[in-house]
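Subject: Structure handover

Hello,

Here is the structure for your files. My notes on what was found in it follow below.

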Amino acid sequence: MIKNYLTLFLCIHLFASIGQINDTLTRKQIRKNRPNYIILGTGINRAIFRDLATSPLFYKWMIPNFSLGYKKIDFKKEASFGVNYSSGNHSHSIMNYGTNKLWSLNLDFYKLYQIEKLSTEKWNYKLGGTVQFTNNFRINEILENNAYGYEGFLNLLFSQKLTRDISRKIEKNKTIWFFNVHRKPRKRDLSYQLNIGLINNYLRNGYAYLGQSEVINDFKLLDDYKFEILKGYRSNSVLNYTTYLKNNNALQFSYSWDVFSTGNNNKNNRFEMASHKIQFSLLFNLK
């Protein structure tokens, strides 16, 4: 199975190399001219999760979400690094099972290359890979010995992105009721990126209890935790609408979903989580 993953990953880089050749500019010139952005985002995250090791109940709620990122992007290539943070109380309809407080921190990095044979002037198709590292820390005091929970997920995902140029090329004047609306040319695009997990790993405690190190006065932070390799599942995507301003900055509206799990290796100890995020971001051009 590992050989299959490596073969697929090498194929991605082989196909990606198609879009890197330019007859008129050197690689250094292309890299220097590529726009760079600092991204500040905020929004709402509707998260739902359950930990079968402690309870079969799903906990869910809408919580605030914040993100900070850095992106280099042009028609041929793009790379991005981002930090995403959400926190808030999650509850269940059965009130006597308490409130589950969740802190979730996600780090991700991706790199994409244009596939020229599948791209046109209006459509741009890119392939590449994404690395994501997610940390969840949970507190539900009603669970007593299992009041505290922690999971860490490390995933390598195959990524593909399709972008449609929907820029307004010419000025347009319209009359709406009694008002004249003047619409100037503006650069805009609509993109969809899909990431599918290839190599999934996670760090998680054993069934039912977090460990007994405190009982014997030998405290261990991750007592009875195990790092599982090539186990679990993850998939996510993001839909972006981006409009660019006169000063080369941009505004972006996004919808994303993310689902991950420790898998079916141990049904009695499985952790599952899904999230749906609506976000508004400011992109500050550094050039």
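**Strand pairing**

Strand β6 and strand β9 (residues 188-205) pair in the antiparallel sense over 14 bridges; two strands count as paired if DSSP finds at least two bridges between them. In this pairing Thr163 stands opposite Ser191 in β9. Strand β5 (residues 123-139) also pairs with β6 in the antiparallel sense, over 17 bridges. There, Thr130 stands opposite Leu157 in β6.

**Basis**

The model is predicted: local features need pLDDT of at least 70, side-chain atom pairs count only at pLDDT 80 or more, and totals for chains, interfaces and linings use all residues. Residues are numbered from 1 along each chain as its sequence is written, and side-chain values use heavy atoms, with hydrogens and water left out.

**Overall**

The protein chain has 2 helices and 13 strands; these are DSSP runs numbered from the N terminus, helices being H or I with at least four residues and strands E with at least two. Of the 287 residues in the protein chain, 43% are buried. Buried means under 20% relative accessible area, exposed over 50%, and partly exposed in between (1.4 Å probe, protein chains only). The protein chain exposes about 17000 Å², and carbon and sulfur atoms supply 61% of that area. Accessible areas come from the Shrake-Rupley method with a 1.4 Å probe, and for residues only the protein chains shown count as cover. Among contacts between residues at least 6 apart in sequence, 66% join residues at least 24 apart; contact means heavy atoms within 4.5 Å.

**Nonpolar cores**

The largest nonpolar core has 10 residues: Ala47, Phe49, Leu57, Tyr59, Leu102, Phe153, Tyr202, Phe260, Phe271 and Met273. β1 (36-51) and β13 (271-285) each supply at least two residues of this core. A nonpolar core here is a set of buried Ala, Val, Leu, Ile, Met, Phe, Trp, Tyr and Cys residues joined through side-chain atoms within 4.5 Å. A second, separate core of 6 residues includes Tyr37, Ile73, Tyr244 and Ala250.

Leaving aside neighbours within four places in sequence, Phe49 is in contact with Leu57, Phe58, Tyr59, His90, Asn100, Leu102, Arg138, Phe271, Glu272 and Met273.

**Salt bridges**

A search of the whole structure finds 13 salt bridges, each defined as a side-chain nitrogen of Lys or Arg within 4 Å of a carboxyl oxygen of Asp or Glu. One of them joins Asp74 to Arg34, with the closest N and O atoms 3.1 Å apart. Asp74 lies in the loop between β2 (59-73) and β3 (77-90) and Arg34 in the loop between α2 (27-33) and β1, so this pair ties together parts that are 40 residues apart in sequence. Asp74 is partly exposed at 21% relative accessible area, whereas Arg34 is buried at 9%.

Arg204 and Asp51 meet in another salt bridge (2.3 Å, N to O). Arg204 lies in strand β9 and Asp51 in strand β1, so the pair ties together parts that are 153 residues apart in sequence. Both Arg204 and Asp51 are buried. A network of salt bridges links Asp51, Arg138, Glu151 and Arg204.

Lys231 and Glu228 also form a salt bridge (3.1 Å, N to O). Lys231 is partly exposed at 28% relative accessibility, and Glu228 is partly exposed at 21%.

**A buried arginine**

Arg168 lies in the loop between β6 (148-165) and β7 (172-176). At 14% relative accessibility, Arg168 counts as buried. Not counting residues up to four places away in sequence, Arg168 touches Arg183, Lys184, Pro185, Arg186 and Arg188.

**Surface patch and positive phi**

Phe81, Phe109, Val131, Phe133, Leu154, Phe227, Ile229 and Leu230 make a nonpolar surface patch of about 690 Å². Patches are made of residues with over 30% relative accessible area and no salt bridge, like charges being joined within 9 Å and nonpolar side chains (Val, Leu, Ile, Met, Phe, Trp, Tyr) within 5 Å. Phe81 is in strand β3 and is partly exposed at 40% relative accessible area.

Leu230 lies in the loop between β10 (225-228) and β11 (233-244) and is partly exposed at 33%. Phi of Leu230 is near 55°, a positive value in a residue other than glycine. Asn248, in the loop between β11 and β12 (250-261), also has a positive phi, of about 75°, although it is not a glycine. Most residues other than glycine have a negative phi.

Regards
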